[in-house]
Amino acid sequence: TAPANFISSAVSPGEIVTATYATGTRPTQIKLENKTGDAYGFSKLRIGSCHCETTIAEMANSGVVIQNKEGSSPSVVLDVPPCSSNPTTTVPPICDTYTLRSITASRDWSGVGSFAPAVTASFMVNGAWTSQYDFISNKGVGPGEIVAVSYAFEARPTQVKLENKTGDAYGFSKLLMDECGCETTIAEMSDSGIVIQNKVGSAPTVVLDIPPCTSSPSTTPPPTTTPPPPCEAYTLSSDTALLSWSGVGFYTSAVKMSFMVNMMTHTSMCVPHQK
């Protein structure tokens, strides 16, 4: 179809020209054509939609020049790159609270009595071990009982160390860490579980790696990316180059444009807004 107006008034060096067109779907190419003998040079050409802004072409100094006279190029055809941004993607928040959860094994001796403390936890954070924090303290824990304690750190722990301060054995069948948006299984062992006990012949401590987050608990939905709604309006923006001759004089139709849309060349059916 016939090209639509892009520049139809005088434009000075450094001036930004914008015009909005309705194409229905995102263009894949753009064709700019200078209808005059007056050279027009643009240092940057962009297209903005309701989802993102994409740079189509960029050239410093004289810029990309189009001029309708012998020996010059009256038109230029440029590919419109895909949109690289997606503002509908939900980015998970920075997390500073981590909850350690232990599922006590089911053997009748797996629990631990009331001590202050019975079991402590320390974490490897940013390459260094934290102090020992109470994990089970001043409370007896029975077989099958779940223990959960939250801790605040400036970064995600990579290891955890559990230490039994008593001679009373404590066995856990599963150890997990919850953070905002993620649940991670650190260790799992059925039957008697992983046992720590502070007496001769037993292991008072256990050190476990904390795997990267791989799942999200049902209580906190994972980050999601939803496709953006269809966009119908696209704004073409041209930064006129800075050389003294880069602008263009006053013409009814100085520069025309057309888009490649759905493998066909279309022009806007709306009146472009310019400034």
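Is Cys52 buried or exposed? With a relative accessibility of 7%, Cys52 counts as buried, where buried means under 20% relative accessible area, exposed means over 50%, and partly exposed lies in between (1.4 Å probe, protein chains only).

## Basis of the report

This is a predicted model, in which local features need pLDDT of at least 70 and side-chain atom pairs count only at pLDDT 80 or more, while totals for chains, interfaces and linings use all residues. Residues are numbered from 1 along each chain as its sequence is written, and side-chain values use heavy atoms, with hydrogens and water left out.

## Cys52 and its surroundings

Cys52 is found in the loop between β4 (40-48) and β5 (53-58). Strands such as these are DSSP runs (E, at least two residues), numbered from the N terminus. The C-alpha atoms of Cys52 and Cys83 are 6.3 Å apart in space, and the two residues are 31 residues apart in sequence.

## The disulfide

A disulfide is a covalent bond between the sulfur atoms of two cysteines. In this report the term is applied to a pair of cysteine sulfur atoms within 2.5 Å. By this rule the structure has 1 disulfide. The bond joins Cys182 to Cys213, with an S to S distance of 1.8 Å. Cys182 belongs to strand β15, whereas Cys213 lies in the loop between β17 (205-209) and β18 (233-240), so the pair ties together parts that are 31 residues apart in sequence.

The torsion about the S-S bond of Cys182 and Cys213 is about 120 degrees, and the disulfide is therefore right-handed. Cys182 is buried, at 2% relative accessibility, whereas Cys213 is partly exposed, with a relative accessible area of 38%.

## Salt bridges

The structure contains 9 salt bridges, each being a side-chain nitrogen of Lys or Arg within 4 Å of a carboxyl oxygen of Asp or Glu. One of them joins Arg101 to Asp178, whose closest N and O atoms are 2.6 Å apart. Arg101 lies in strand β8 (residues 97-104) and Asp178 in strand β14 (residues 170-179), so this pair ties together parts that are 77 residues apart in sequence. Both Arg101 and Asp178 are buried.

Arg107 forms a salt bridge with Asp191, with 2.8 Å between the closest N and O atoms. This pair links distant parts of the chain, 84 residues apart: Arg107 is in the loop between β8 and β9 (119-125), and Asp191 is in the loop between β15 (182-188) and β16 (194-196). Arg107 is partly exposed, with a relative accessible area of 33%, and Asp191 is partly exposed at 45%. Lys165 and Glu163 also meet in a salt bridge (3.5 Å, N to O). Here Lys165 is partly exposed, with a relative accessible area of 34%, while Glu163 is buried at 18%. Salt bridges with shared partners also join Arg101, Asp178 and Glu183 into one network.

## Nonpolar cores

In soluble globular proteins, nonpolar side chains tend to be buried together. A nonpolar core is a set of buried Ala, Val, Leu, Ile, Met, Phe, Trp, Tyr and Cys residues joined through side-chain atoms within 4.5 Å. The largest nonpolar core has 29 residues, of which Leu100, Phe135, Ile136, Val160, Leu162 and Tyr170 touch the most other members.

Leaving aside residues up to four places away in sequence, Ile136 touches Val112, Phe115, Pro117, Ala118, Val119, Val141, Val147 and Tyr170, a contact being heavy atoms within 4.5 Å.

Technical notes
Helix = DSSP H or I, 4+ residues; strand = E, 2+ residues; numbered from the N terminus.
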